[in-house]
Amino acid sequence: MARGTFAGGVHVDDGKDMSRDRSIQTVFPENGEMVFPLSQHIGKPSIPVVHVGDYVRTGQLIARADTEMSANLHASVSGRVTAIEERPTAGGEKEMSIVIENDGVFLEVFYPENRQMEQLNRYTVLSGIRNAGIVGMGGAGMPTYYKLSQADETDTEVIIANCVECEPYLTSDYRRILENPWKIINGLMVLLTIFPRAKGFIAVSRDNPEGFVLLRDLLRDEPRIFVKKVSSKFPVGSERQLIYALTGRSMNARMLPYDIGCLVCNTDTLVAINQAVIMNEPLITRIVTVTGDAIEKPCNFRVRIGMSYLDLLEQAGGFRKDLTVNDVLILDGGPMTGRVITDLNVPVTKLTSAIVVMRKQKMTIQPTTPCMRCGRCIQVCPNALVPLTLFRDAQKDNETAFVRHNGLECNNCGCCSYTCPSKLQLSPAIFSMKAKIMKKPEMAGDYTRRFMRK
Ligand code: SF4
Ligand code: SF4
């Protein structure tokens, strides 16, 4: 039975106070380079349709989806294409990218007239989403067209708007709910038009009572959409945990939500769906939280894809006056699932949710001691794994044992590391081992289903 919660998980210091009262501010990039990696999604990289020297307008298609498991890419500024070459990304790897010299004019392509909700059908919705290059913007990066086209029209019973934002420090969903609730609701309504038997759930954390009340009041007369409170435990926003909390249905990492009659879309993805299908606009902006105790003015920004992280940090006032780059730790994403980055000359992509900058002294990794077999990591694992065993498998580089102990079920939530009194870095070791095995289809088997890349 669905109780709004799940087994395991942890309550963390959410750090959201720093930016939750900061309204979304639209930032425009300075003149200069904008970088568009061709892989901003899982699946095949998109294929450039522009050449060096071409002039492009804001909203123009610059790279097309290669297959269904790929996504279109559009220019977020106007200007000239100056290069198509490998550039560093926040993931630490170099990716083939289109580079545009922003002329600061923001000359737009022509967008056709808005559609009405009553005019929608399966074709207009799916083609609108595909053309706009929408992907799962909560971090998963699955092309939304692919996800929706796989879901059965009649078997899909629940569409979940994931507005939980359980990752500490992130406040973009919180602001979206308060500032643009209809954009989220309309995005969900668009999806409900193509799944006639489905009902919509908007999931909101118990820690966001104002967002819950606002949505509930707006939806009082809407028979197909229900606003649901879920636990504030981390990682309730993770797909498996959220579906379980709301419906009581379970799935493993080899399955996709549509296998159990569900679809999950995060807040920004739903807003992008509304923009694409109703307003015919491609995905060229997103909300990014820039926050942390080392940032001068924590903010929520509406950002053009392709801007550099450095530009964003400057827009947030940079580091606090008493700090230099040597005193801080910069995270791409939140403290639980984000990764440390050192190069700030990397572009915002469709998957950038936050830049969190912390004082190093607060984040310093403490010395580790041997495992004391307390079992806390097992208690908090939301996927019923035995992290200490997986950690040992990873240390011994024993791939067979790691797979046998269900290590591929790990969703890298970080709860085990967070709770371990011996300060063992369980989650990073398990994540690296899993990433290594996922590159070997003969070992990973069905687990590659959602990570097909090339
Ligand atoms: S939480 Fe840490 S110390 Fe406790 S059993 Fe797990 S690995 Fe060992
Ligand atoms: S083993 Fe994986 S899923 Fe389990 S707590 Fe650790 S990181 Fe999370």
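**Close-up 1. Gly104 sits in the loop between β8 (94-102) and α1 (122-132).** Helices (H or I, at least four residues) and strands (E, at least two) are DSSP runs, numbered from the N terminus. This is a predicted model: local features need pLDDT of at least 70, side-chain atom pairs count only at pLDDT 80 or more, and totals for chains, interfaces and linings use all residues. Residues are numbered from 1 along each chain as its sequence is written, chains are lettered from A and ligands numbered from 1 in the order written, and side-chain values use heavy atoms, without hydrogens and water. Gly104 is partly exposed, at 31% relative accessible area (buried is under 20%, exposed over 50%, partly exposed in between; 1.4 Å probe, protein chains only). Leaving aside residues up to four places away in sequence, Gly104 touches Asn31 and Ser78 (contact: heavy atoms within 4.5 Å).

**Close-up 2. The shell around ligand 2 has 13 residues.** Cys381, Cys410, Asn411, Cys413 and Cys416 come nearest (near: a residue heavy atom within 4 Å of the molecule). Helices α13 (415-419) and α14 (426-438) each supply at least two shell residues. By class, the shell has 8 nonpolar, 5 polar and no charged residues (nonpolar: Ala, Val, Leu, Ile, Met, Phe, Trp, Tyr, Cys and Pro; charged: Asp, Glu, Lys and Arg; polar: the others, Gly among them).

**Close-up 3. Helix α5 (residues 209-218) buries Gly211, Phe212 and Leu215.** Down the axis of α5, these buried residues fall within an arc of 100°, so they line one face of the helix (the arc is that of the directions from the helix axis to the C-beta atoms). They pack against α3 (172-179), α4 (181-194), β10 (199-205) and β11 (225-230).
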